[in-house]
Amino acid sequence: MLLRQLEYLTALSREGHFGRAAEVCHVSQPALSAGIRKLEAELGVQIVQRGQRFEGFTPEGRQVLQWAHRMLAEQGALRDALASMRGGLAGVLRIGAVPTALTVASLLTAPLREKHERVRYSLESMSSREIVSRLNDFEIDAGMTYVDGEPLGKVRVVPLYRERYVFLTPCDGEFGGRDTVRWDEAAVAPLCLLTPVMQNRRILDACFAEAGAVAVPVVETDTVSAIYAHVTSMGLSSVIPHAWLHTYGVPDGTRVLPLPRPGRSLHVGLVLADRGPESMLARALVETARAVDLHGALDETLRRHLDVGAV
């Protein structure tokens, strides 16, 4: 069995199309198909359901795919370990993060880069469910997500910080002269929020409900940058996690107001697959996370941006 054939298989799983899988593997489509057929012959099972196009994997194929992910991950870990022995830690650290946490990923990658200059980084925005799925499929090394909210399954957790919420609003708007705002008041303001499919929005909806209110946003979006754009261009308000202030700050013409702490605020943390020995790259990330005071750094940023006393 050639590792190259396993790479063909995992590429086909990601792309869902023979042509695109061949393209990312830098081979012709006939070569990719022949490699998978050879793997089927060697294992004595049908792996791929075929018709006029790719139609998915057989039950046996899904089992083979799971092992393919594992074997390729072990190959990568071996290469990283040997590279570290030759000249320090190297390789690509793959991180998936929910959009609300992606804004602070640099607080981990920057100090890690100072210590391990040869490490490269791949950061992708993902839902919490996708993070767990891709951890289990060995497609990412670590995730950044809410760790005490919706079920995550069997993962290892390293808490990073507890999320806080503030009200971002125009200086010349209804709340521009206020020092604080309540959740029920924020709910009736013209808002721009993340879409309901995103966990942060579901958390905010629960906070509004706790105050006996329902928010009906003027604009819903799936990106942090679009929220800031609409707040500044349309005069809308938003409820944002305090972590966003690290990257985006407070735009000109707007201010942030503190909101009462909800009955339950959630932790954001690193999640890693709970299986076997972790990769050296994941271990280095965890060591960095334990050495960096993200909670303190984000609270200090919040203090600088609030217009009223200490938090």
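Strand S5 (residues 142–146) pairs with strand S12 in the antiparallel sense over 4 bridges, where two strands count as paired if DSSP finds at least two bridges between them, and where helices (H or I, at least four residues) and strands (E, at least two) are DSSP runs numbered from the N terminus. Within this pairing, Thr145 stands opposite Gly269 in S12. Helix H7 (residues 128–136) packs on the sheet, touching S3, S4, S5, S6 and S12, and its direction makes about 155° with that of S5; contact here means heavy atoms within 4.5 Å, and axes are lines fitted to C-alpha atoms, for helices over the stretch in contact, with angles running from 0 to 180 degrees between N-to-C directions. The model is predicted, so that local features need pLDDT of at least 70 and side-chain atom pairs count only at pLDDT 80 or more, whereas totals for chains, interfaces and linings use all residues. Residues are numbered from 1 along each chain as its sequence is written, and side-chain values use heavy atoms, with hydrogens and water left out.

The sheet that holds S5 and S12 is open and consists of 5 strands in the order S4-S3-S5-S12-S6, with mixed pairing. Its edge strands are S4 and strand S6 (155–162), each of which pairs on one side only. Neighbouring strands of this sheet are turned by 25° against each other on average, direction ignored.

An open sheet of 3 strands has the order S10-S7-S11, and its pairing is antiparallel. Strand S10 (238–241) and strand S11 (254–258) stand at the edges with a single partner strand each, so one side of each is left without a neighbour in the sheet. Strand S7 (residues 165–170) is joined to S11 by 5 bridges, and Val166 stands opposite Pro258 in S11. Strands S1 (residues 48–50) and S2 (residues 54–57) pair in the antiparallel sense over 2 bridges, forming a hairpin with 3 residues between them; Arg50 has Phe54 in S2 as its bridge partner.

The largest pocket holds about 1300 Å³ of space. On a 1 Å grid over the protein atoms alone, a pocket is an open set of points where a 1.4 Å probe fits, with protein on both sides within 12 Å along at least five of seven lines, and lining residues have an atom within 4 Å of a point; grid points are joined across faces, edges and corners, and a volume is the space filled by probe spheres set on the points. Of the 44 lining residues, Leu72, Ala73, Gly76, Arg94 and Phe138 are the closest to the centre of the pocket. Helix H4 supplies the largest share of the lining, 12 residues.

Of the 311 residues of the protein, 49% count as buried, a term that means under 20% relative accessible area (1.4 Å probe, protein chains only). Gln199, in helix H9 (residues 199–210), is buried, with a relative accessible area of 8%, and, leaving aside neighbours within four places in sequence, Gln199 is in contact with Ser128, Thr145, Tyr146, Gly149 and Glu150. Thr103, in the loop between helix H5 (99–102) and helix H6 (106–115), is likewise buried, with a relative accessible area of 9%. Not counting residues up to four places away in sequence, Thr103 touches Ala243, Trp244, His246, Thr247 and Tyr248.

Technical notes
Buried < 20%, exposed > 50% of the residue type's maximum accessible area, 1.4 Å probe, protein only.
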